[in-house]
Each structure stands twice: as structure tokens, then as C-alpha cells.
Amino acid sequence: METKSRDEMVHYELCDQCLVVYVTSDLDHHAVNYLRERSDRMIQAGNVKYIIFDFENVDFMDSSGIGLIMGRYKKVMFLGGKVAVTHVEDNVDRIFRISGLYQIIEKYDTPSQAVAKLY
């Protein structure tokens with residue numbers, strides 16, 4: 001199994017008040033710590049109101065991934081913002097359903113769909 005470097009775990013796009021987080025590795029405790037730090041810095045620096053997590057390359061997520069999304073949701077909720085997820089595969093979708101995350105976040109097929117609906 002090939003391990004990705006930290007910089008290969010995620011790619012960000014910031015457009016206006018929307019941060020798109022392209023997650024490119026499975027979300028376990030180690031990956032989440034790095035993503036949390038980077039995402040929080042971008043949220044604070046970029047006046048972010050909307051966050052979209054793209055899970056196209058994610059097959060596994062543990063409870064720390066749920067915490068990552070919940071924490072970012074709490075940060076933007078107070079600004080009247082929203083969080084969405086895209087490209088969610090069956091394994092991760094099941095975790096979102098069981099955890100109740102879909103009660104506070106929205107799911108779309110693609111980041112461009114999410115951007116169009118969130119604004």
C-alpha cells in the first residue's frame with residue numbers, strides 16, 4: 001500500500017466565500033489532523049462561509065472524519081453558512097447516514113452542483 005504525503009492528501013479551491021476541499025486519501029485520525037489544521041487556516045484567512053468536501057477518492061472514513069466535518073460545520077454555521085459533500089461513495093455514505101450528518105449537511109453529485117445550490 002502506497003502512503004500519500006501530506007500535500008497529496010488534499011487539494012483546495014477558494015472562490016469568493018466558498019472553500020472546496022478535494023480529499024484525496026482515506027480519512028483516518030492522522031489524515032484528519034492535517035486536514036483540520038489546513039482547512040481552519042483557510043477558513044479564517046479567506047472569510048469562508050460555505051465549505052464543500054469532495055470525497056471522490058475516499059473509500060474509508062472513521063469517526064475522526066465525522067468530527068472534521070462537524071467542526072467545520074460549526075465554524076461556518078454561525079456565519080449563516082453551509083457545508084456540503086460531493087462524490088460520496090457507498091462506504092462513506094453509509095457512515096454519513098448512520099451518524100446523522102445528512103441532517104445538517106447536504107449531499108450533491110459534484111462540487112459545481114453544490115456551489116450552484118449553496119449560494
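**Helix packing, cysteines and selected residues**

Helices H1 and H2 cross in a right-handed sense (right-handed if the near helix is turned clockwise from the far one by less than a right angle, left-handed if anticlockwise). The model is predicted, so local features need pLDDT of at least 70 and side-chain atom pairs count only at pLDDT 80 or more, while totals for chains, interfaces and linings use all residues. Residues are numbered from 1 along each chain as its sequence is written, and side-chain values use heavy atoms, with hydrogens and water left out.

Two packed helices are described by the angle between their axes and the distance between the axes. Here, H1 spans residues 29-46 and H2 residues 63-77, and the two pack at an angle of about 15° with axes 9 Å apart. That angle makes H1 roughly parallel to H2; the cut-offs are under 35 degrees for roughly parallel, over 145 for roughly antiparallel and 65 to 115 for roughly perpendicular, with the rest oblique. The axes are lines fitted to C-alpha atoms, for helices over the stretch in contact, and the angles run from 0 to 180 degrees between N-to-C directions. Helices (H or I, at least four residues) and strands (E, at least two) are DSSP runs, numbered from the N terminus.

On the H1 side, the contact (heavy atoms within 4.5 Å) is made by His29, Val32, Leu35, Arg36, Ser39, Asp40 and Ile43. H2 puts in Ser64, Gly65, Leu68, Arg72 and Lys75. Sorted by class, the contact of H1 with H2 comes out as four nonpolar, four polar and four charged residues. For that tally, Ala, Val, Leu, Ile, Met, Phe, Trp, Tyr, Cys and Pro count as nonpolar, Asp, Glu, Lys and Arg as charged, and the others, Gly among them, as polar.

Two residues of H2 can be looked at one by one. Glycine 65 lies in this helix and is buried, at 0% relative accessibility; buried means under 20% relative accessible area, exposed over 50%, and partly exposed in between (1.4 Å probe, protein chains only). Leaving aside neighbours within four places in sequence, glycine 65 is in contact with Leu27 and Val32. Not counting residues up to four places away in sequence, valine 76 touches Val48, Lys49, Ile51, Gly81, Lys82 and Val83. Asparagine 33, on the other hand, is 43 residues from valine 76 in sequence and 19 Å away in space, C-alpha to C-alpha.

On to the cysteines. A disulfide is a covalent bond between the sulfur atoms of two cysteines, taken here as a pair of sulfur atoms within 2.5 Å. A search of the whole structure turns up zero disulfides. For cysteine 15, the closest cysteine sulfur is in cysteine 18, and at 7.1 Å that is too far for a bond. Cysteine 18 is likewise in no disulfide, the sulfur of cysteine 15 being its nearest at 7.1 Å. Cysteine 15 counts as exposed at 53% relative accessibility, whereas cysteine 18 is buried at 3% relative accessible area.

Aspartate 16 sits in the loop between strand E1 (10-15) and strand E2 (18-23). Its phi is near 60°, a positive value in a residue other than glycine, and aspartate 16 is exposed, with a relative accessible area of 60%. Histidine 87 gives another such case, with phi near 50°. This histidine is found in the loop between E4 and helix H3 (90-99) and is partly exposed, at 24% relative accessibility.

Threonine 86 belongs to strand E4 (residues 82-86) and is buried, with a relative accessible area of 0%. Neighbours within four places in sequence aside, threonine 86 is in contact with Ile52, Phe53, Asp54, Phe55, Glu56, Tyr108, Asp109, Thr110, Pro111 and Ala114.

Two further residues pair up with partners elsewhere in the sequence. Threonine 24, in the loop between E2 and H1, is buried at 16% relative accessible area. Its C-alpha atom and that of aspartate 59, 35 residues apart along the chain, are separated by 9.8 Å. Asparagine 91 is in helix H3 and exposed, with a relative accessible area of 52%. Asparagine 91 and phenylalanine 60 are 31 residues apart in sequence but 6.6 Å apart in space, C-alpha to C-alpha.
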